[in-house]
Structures are given as structure tokens and as C-alpha cells.
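Subject: Two-chain model, handover and findings

Hello,

Here is the structure we talked about. Please open it first, then read the notes below.

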Amino acid sequence: MGDKILKKAELQDVLRALKRTYEVFVPVKENDFYSFKPLMDEEKVDLSFTNTRLSPKPLVLPQSERMFEFTLDEKSEDAHIVKESPKDYPPRIIAGVRPCDAKALRLLQVNFDNPEFKDPWWVKRRESMTLIGLGCSQPCSACFCTSVGCGPFNEEGLDILLFDLGECLLARTLTEKGERLLQLGGMDTDADSGLKKSADEVKTKAEKKISSHVPTDKLREKNVNDLFDAPFWDDVAFACINCGTCTFLCPTCWCFDIQDEVIRGEGDRIRNWDSCMFPLFTLHASGHNPRAQKVQRIRQRFMHKLKYYVDKYSNGVACVGCGRCVKHCPVNIDIREVFNLMNEL
Amino acid sequence: MVGYIDRIGAIAKRILEEETVDLLIGFKKGTLPMTTEPVLIRDAAETDQLYWDSFCFINLANYLPKREEKIGIIAKGCDLRNIAVHIVENQIKREQLYIIGVPCKGMVDRRKILSFLCGKEVREVTESDREIIVRGEGFEHTLKKGDYLQDNCIRCMHRNPVIYDALAGDLVEERKDPDPYDDVRDIEAMGSEEKWQFFSNLIRDCTRCYACRNACPLCYCPTCFVDESDPQWVGKSIDPTDTMTFHILRAYHCAGRCTDCGACEQACPVDIKVRSFTRKLNKDALDLYGHEAGLSAEERPPLDTYRPDDYEAFIR
């Protein structure tokens, strides 16, 4: 494993060549924002994005996923038998993933792929993916990745990390998967020590550019009930309109709901993203709702990310500092301020 | 618009000190350029955080329904019309409110500015009466506000507050544009198939986050039809049929009540022009019933009114 070098313009030739073996996803700009979409033949790979509006989360945890199928037709011998829906897991390359989003996949793994439980679809999809990261040379002012165990050139979860050196890209191989991909793509020019030094400089410069910092050091030692009963929740919650923007844009939010949909006796069991911001999220069959008020729901979101997760997994906070919720919350509820409130209580 | 801040602050301070109101709902400055955050203030000493600029797109009428206190509220022309709708629909009482009306020259659409900058990050924004100065690393642009207004503000015919107790500034001149619905006419001219395609494309990126619904003051139902689980009216997936059902029903629930404040569109995290649904219904309410929502706190919306002289025979 090592550092290879390629001209910027060559990246799309490499990715196109790899389409023979992989499905290739890249950030594509449509309607003024970027999302991960399949690379089309005539499309130029555009590396000028800050980050995609939605994270790559849906590629591993689709917003709606058919899990099982069944029939209610009594005449069928399979009546009421729930069968796994056919699925395929083609090898995929996701190129242009920001390091924060790759780290987020690591956090999702805690839930979907752990010694106790393995979500077969999540695991297979994740395994079939090769992630080509693109370091953040121009982090934006809402990003605070370096405060939450990540960084603009963090390597966790990635197979290859690209450094933008102006004319060319330095590709750092991080895993065997990445190695194989570089070979297949014919990227075989070694980076010399001068270029490696430039890559280090780009990284150091980017880390220094992160202007937003949040404190996390005292979250672990705080008493969970003190935080739960903290006086600031009403103020934090007032502006909240209880939409799902923060949770759906968040690369680490993993909650889902399972629904049966039946049309004329034929049914699907579907897993959909859910959001702790929605009243239905906790509604009991009895009609009782333990989180009937928005203040309870918004508290849950922050307590989960910044306290329950911290206590349960000893793995830091459930936030990678990507800044999406900060930038897109329609009422400017800023998680960085909540970090401050909770850590300094 | 920033010129209103001092007057808003002074009025807010006075009504809290004199106990005319128990609390005040306004805006404070956001943590990023071009953002603002709705804030609730109970103490006159805290009124110095009140803020106003051309990015106060959230409709504060959204925070009123079912509140019992005496409330001071800051509202633009369109927001005020929503307050009037709330009063008509018994969501709040006029005598509970002290309304600080904001004569509005239009809200600036931050997404249009971001689009102009093609991904370059805005670090600082300042505004004067007609201009917005946008600064970032290595650039500074002076933009004409008029070129970056929200789509609803471009066509707004009611910039001044209709009911108020105090004003944040002098009344502004209303526009005399005769055709506020030129864009709707373009859609009306499409064939059925083309229309279906247009609306299907429009909502293609919808994530069902419900930001449009939740930013809307009209959506105050205790349980929205999409959140009903027994029976469940709409599927929860992003199946295009369910997503379309949500958008069409949401729009119909707003028929004759929508003031085109644009909060839905501004709140959408994936830039869907959701007003394309509601505006046709606004136009119909005007064409069929001569009704524009919220112009008075007495007139009920056309779709919950019975009149013996209704022009439709089936209802007479």
C-alpha cells in the first residue's frame, strides 16, 4: 500500500474504466446541490463541491427498503409466510466521500454490525462498497469535525483518501479493497516524497482552517438525570418546528420504522427512515405517547447523540461535525450551541 | 430592514415592562450568515437580542396556536395575514395579541445567493436598504436585493401589515403589478400528462421530512393525516404515490387559507418549490370566491363557509 499520483482530469477516466466492474457513485450537482448519483458515461466528475446535501447514508441504509414480501391469499400455499425480498449487492464505488461521512458509516456500524446483532442487508451492502474519500481542503465554517474525533483528512472508514494538490490528486491507499481498486483502475504511478510532503501540508492547512470547535470533554462524567432535567431544554426547543431535516440530513442518525403495506392481498414489509422529531416515533398502541411534546423530542435527539451514545459505547459522541444540521435547520437550531450547553452544565 | 431593529427592540421592551404582554415572540440573529432563529422573550432585559433583517423568512404565526398568554409578536405582511387566519379559526384571540407589524420590502432568498456563489462559502453578510454585501474568502459582492428576493416576495401584493398595534417602520408602497399569478398560468396551460410530469419532477427529491408542513402556520392539526396510524391514510415510504398524496393533500388543506408567506419553500432542505401546489389554490380562491386569505380577521375562509347564494347549484 502506498501513495499513488494521478492528474485530476484522469480521475474520471479511471472511474469510467472501473464501471466495468463496479457501480460508481459520485457527487452530482442537480438543482443547485450535490447528491450521490451513478456516474453517467458523458458526465464530468465534479470535485468542486463542499459536501453533498444528503450524506451517502442512503447508499447503505436506503430511506425505504423492501425487506420481506408476503401474500394474504388463503388459496396460496404460502399464505401469511413472510419471505425475504430478492436483493442484490453489486460491488460499488462511492467516490468523493468526505471523511466526516466515512466516519459516520463507522458510527452506523455500531448499530447495524456488532457482535450481538448483524443486520444482513446493511452488512452486505457495506461490504460491497469501496469508499474513495476526498479530503476537505476548504472546510466550511459550520464544520467542527476536529472536535468530535474526526478531521478534514480523517481516514476511518475509507479505502482510499484523495488529496487535492491542485493539478493532480494524491491517492493514499488505506485498505486492501482500496489497493485492488487502484490496480484495476491502472493507477500505478508512485507519488514521490515531494508530493507526499505537499499532501501533508494540505492536510495541516485544512485542519488549521477548521474555525468551529465544540467542547465534549465533560459529557461522559455528567449525570444523565442532570442533563435530562437541565433548565435549557425549553429554550433550545422553542424555535424547533419538529421537522425531520436534521435527522434525515444527519449521516449518523440510524432510526427506522418497519411498516407492512398491503395492496389487494399482496404485501411488502418495508423499512423506512424514521425521525425522533416526529410524534409518531414513540406513539404506543395504547394511544399513550411518552414523548408527546416537542421539547421531549428535541431533548431526545441531543441526549442520544451527546450523552446516551457516549455512555453506552464509550466511543465519543454520535456526531461527526459535518455541519449539515447547522446549515439546513430552517430555524437555526445549532448543535454546536447544544454541545456547549450540555458540556458546561 | 435592519433599520427596524431599534424600533422593534424599543416597543418590545416597553410592552414587557408595562406588562401589556407576558411574553414576546421575535427573531434573534442566527449563528451563520443569512440565518435567524425565532426566540421567546419574557424579560424586558433580554429584548436587546431581538433582531430583524431580510432573512427572517420563518412565519412567527406558527408559534401562536393554542397559547394562553398575552403575546407580543413581530410579523411581516404575510405573517400578519396568517395571524388573522388564526383569529378567524379560533387558534388565538385578537385581545391576547400585541402585534408589532413590519412593513416588508421582501425577504432575501439565501439559496439564490448561494446559487450565485456556486458553492463559495459566505462568511459575512451585511445589508442596506437596497443592497446585500456578501463576503467570503477572497471575494466580496454587492448584490441588489431586488434580484435575490424570495419568489413569493417578488409577487407579493400585501407588503404592509393588515392589523397591528404598533409598526416597526413607516408603511411601504404596495406594488401595483397587475398579475401576481403569471407562473400559475404557465402550469395551467399544460396538458394533464405534462402537469403530472411537472409535479412528479417537482417532488422527486422529497425526503418526507415535513419541514414544509411544519414551517406552515396553517398546519396546526393535533395529528396530521400523515401521522395518523389507526387507520393509516398514507404510506410512510418514499414511494412517489405516497409522497404525491402528502403534497397534494397538504396543499388542499391550505386552500383559501394560504397567504403565500413562502416559509414552506424556504424550510425545504432539498429546495422543492412547494408553493407550486398552493399557489394554484390561492389563485382559485381569488378567481372563484374573490378571497385572499387573512385580509381581515372576520371573514371565514371560503371552503368552510356556506352561502345561500353560492354559485354552485349542488350546494344550494
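What distance separates the centres of domain 1 of chain B and domain 2 of chain B, taken over C-alpha atoms? The value is 25 Å. Keep in mind that this is a predicted model.

**Domains of chain B**

Chain B is split into two domains by the assignment. Domain 1 covers 2-109 + 149-315, and domain 2 covers 110-148. The contact between them involves 10 residues of domain 1 of chain B and 13 residues of domain 2 of chain B. On the domain 1 side, 6 of the touching residues are nonpolar, 1 is polar and 3 are charged.

**The sheet S5-S6-S7 in chain B**

Chain B has an open sheet of 3 strands. The order is S5-S6-S7, and the pairing is antiparallel. Strands S5 (124-127) and S7 (139-144) of chain B are at the edges. Each has a single partner strand, so one side of each lacks a neighbour in the sheet. From one strand to the next, the twist averages 15°.

Strand S6 of chain B runs over residues 131-136 and pairs with S7(B) through 6 bridges, in the antiparallel sense. Within that pair, B:Val134 sits opposite B:His141 of S7(B). As background, side chains in a regular strand alternate between the two faces of the sheet.

**Chain B overall**

How many helices and strands does chain B have? There are 10 helices and 8 strands. Its C-alpha trace spans about 55 × 50 × 45 Å along the principal axes. A compact globule of 316 residues would have a radius of gyration near 20 Å, and chain B agrees, with 20 Å. Of the 316 residues in chain B, 42% are buried. Among contacts in chain B with a separation of 6 or more, 68% join residues 24 or more positions apart.

**Chain A overall**

Chain A contains 12 helices and 11 strands. Buried residues account for 43% of the 345 residues in chain A. Of the contacts in chain A with a separation of 6 or more, 71% are between residues 24 or more positions apart.

**Domains of chain A**

The assignment for chain A also gives a domain 1 and a domain 2. Domain 1 takes in 3-69 + 76-209, and domain 2 takes in 224-343. Their C-alpha centres lie 26 Å apart. At the contact, 30 residues of domain 1 of chain A meet 24 residues of domain 2 of chain A.

Which elements of chain A each supply at least two residues of the domain 1 side? They are strand S4 (64-71) and helix H3 (99-112) of chain A. H3(A) has the largest share of that side, with 8 residues. By class, the domain 1 side has 17 nonpolar, 7 polar and 6 charged residues.

**A hairpin in chain A**

Strand S2 (residues 23-30) and strand S3 (residues 33-38) of chain A pair in the antiparallel sense, over 6 bridges. A:Pro27 has A:Phe36 in S3(A) as its bridge partner. The hairpin of S2(A) and S3(A) has 2 residues between the strands. In this hairpin, A:Asn31 takes a positive phi near 50°.

**Where the chains meet**

The contact between the chains joins 34 residues of chain B to 38 residues of chain A. On the chain B side, the elements that give two or more residues are strand S2 (36-41), helix H3 (110-117), helix H7 (211-214) and helix H9 (263-267) of chain B. Which of them gives the most? S2(B) does, with 5 residues. The chain B side divides by class into 13 nonpolar, 13 polar and 8 charged residues.

Best wishes

Methods: Residues numbered from 1 in each chain as written. Chains lettered and ligands numbered in written order. Predicted model: local features only at pLDDT ≥ 70, side-chain atom pairs only at ≥ 80, totals over all residues. Domains from an automatic or database assignment. Contact = placed C-beta atoms within 7 Å. Nonpolar A, V, L, I, M, F, W, Y, C, P; charged D, E, K, R; others polar. Helix = DSSP H or I, 4+ residues; strand = E, 2+ residues; numbered from the N terminus. Buried ≥ 20, exposed ≤ 12 C-beta atoms within 10 Å, placed from the backbone. Pairing = 2+ DSSP bridges. Axes fitted to C-alpha atoms, helices over the stretch in contact; angles between N-to-C directions. Rg over C-alpha atoms; globule rule 2.2 N^0.38 Å.
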